[in-house]
2 protein chains.
Amino acid sequence: MKTLAVITPICCGPDTPALPAGEAEALAARFKALGDPTRVEILNRLAKGEACVCDLNATFDLSQPTISHHLKVLRDAGLVEASRRGTWAYYTVVADALAELSGVLAVSRPAA
Amino acid sequence: MKTLAVITPICCGPDTPALPAGEAEALAARFKALGDPTRVEILNRLAKGEACVCDLNATFDLSQPTISHHLKVLRDAGLVEASRRGTWAYYTVVADALAELSGVLAVSRPAA
DNA sequence: TCCCTTCATCGATGGACGTCGATATACTAT
DNA sequence: ATAGTATATCGACGTCCATCGATGAAGGGA
C-alpha cells in the first residue's frame, strides 16, 4: 500500500519510539499513588521530617485503618519507608523516588 | 513555585497546619491524571512535539473514544492543550504545568 | 447535495479505589 | 499472664474509572 500517502493528506509523522517496556506502567503506578489529596498531605507532612502513624492519625480526620491504607499505598509505590521502633512506626519519604519523578516531569521543560 | 516542604519542620506536633486549602486536592487531581499508563505514554509522545489524535489512535491499541477520553482527562487537568486546524485536532503539552508539578516533587535532598 | 473522515460525547459495564468497623498482630507495662 | 496501646489487615459497601460500541458534530472533497 503505497498510493494512499500520496493522495490522502497525512496529518502526522510516523510513530516515535515509545517508552521502554513497563516504564509507563511503573511511572503511572507512582503517580497514581500521588493522586489522592490525603496522600499528598501525608507526603507533605513527611517531607518536613519523620513522623509516626499516631501523629498522622491525630492530624487527619480519617479512621486509623484508612491512614494505614494510604501509607501502604505510598509504601508499595516506593515513595515512603517505614521503620518500627518499639511500639511506634516511623515513616519517612524516599527522596530518590520523588526526585526521579520530578526529573521525569522536568524533561518537558522548555529549553529557553 | 511550591514544594512539598512548604512548612517549617515540626516533628511531633499533632496539629501541624496542612497545605493551603484546596492545594492538596489540586495537586492530587493533576497527579491522578498522570496515574494511567496510557496517559503517561500520550504525554511522553506529546513531549516530543505536537501530535494529532489520528496519530495517537494509530499508536495505541485502544479504541478512538478511549483515546479521546484520556485526552479529555489530560485537558481537564491542564496538562495538555488542543487546537483544531481543519479536520484535525492537534495536542501539545502545557510545559508550565508539568514544570510546576516537577518543582513540587523536588524536595530538598540531603547531600549524600 | 451526498458521502467520507476526524474527533467528541453518550450510555453501559466490569473492575478498581477510598472508607469504614471489626479484628488481628506486636510491643509495653504492671 | 493480663491489660492496654499502636499499627496492620480483613471484609464490606458505595463511588469512581477505563473501556467499549453507538452516535453526534464538524469539516472536506467529488
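Before we start, a bit of housekeeping. It's a predicted model, so local features need pLDDT of at least 70 and side-chain atom pairs count only at pLDDT 80 or more, while totals for chains, interfaces and linings use all residues. Residues are numbered from 1 along each chain as its sequence is written, with chains lettered from A and ligands numbered from 1 in the order in which they are written.

Okay, DNA strand C. It has 25 residues around it, and the closest are S63(A), P65(A), T66(A), C54(B) and P65(B). Near, here, means a C-beta atom, placed from the backbone, within 6 Å of the strand. α4(B) gives the most to this surface, 6 residues; helices are DSSP runs of H or I, at least four residues, and strands are runs of E, at least two, numbered from the N terminus. By class, we get 11 nonpolar, 12 polar and 2 charged.

Now DNA strand D. The largest share, 6 residues, comes from α5(A).

Last stop: helix α5 of chain B, residues 95–105. L98(B), L101(B), S102(B), V104(B) and L105(B) are buried there, meaning 20 or more other C-beta atoms lie within 10 Å of a residue's own. They sit on the same side of α5(B), because they cover an arc of only 160 degrees around the axis, taken from the directions from the helix axis to the C-beta atoms. And what do they pack against? α6 of chain A, plus α1 and β3 of chain B, with contact meaning C-beta atoms, placed from the backbone, within 7 Å.

Key
Nonpolar A, V, L, I, M, F, W, Y, C, P; charged D, E, K, R; others polar. Buried ≥ 20, exposed ≤ 12 C-beta atoms within 10 Å, placed from the backbone. Contact = placed C-beta atoms within 7 Å.
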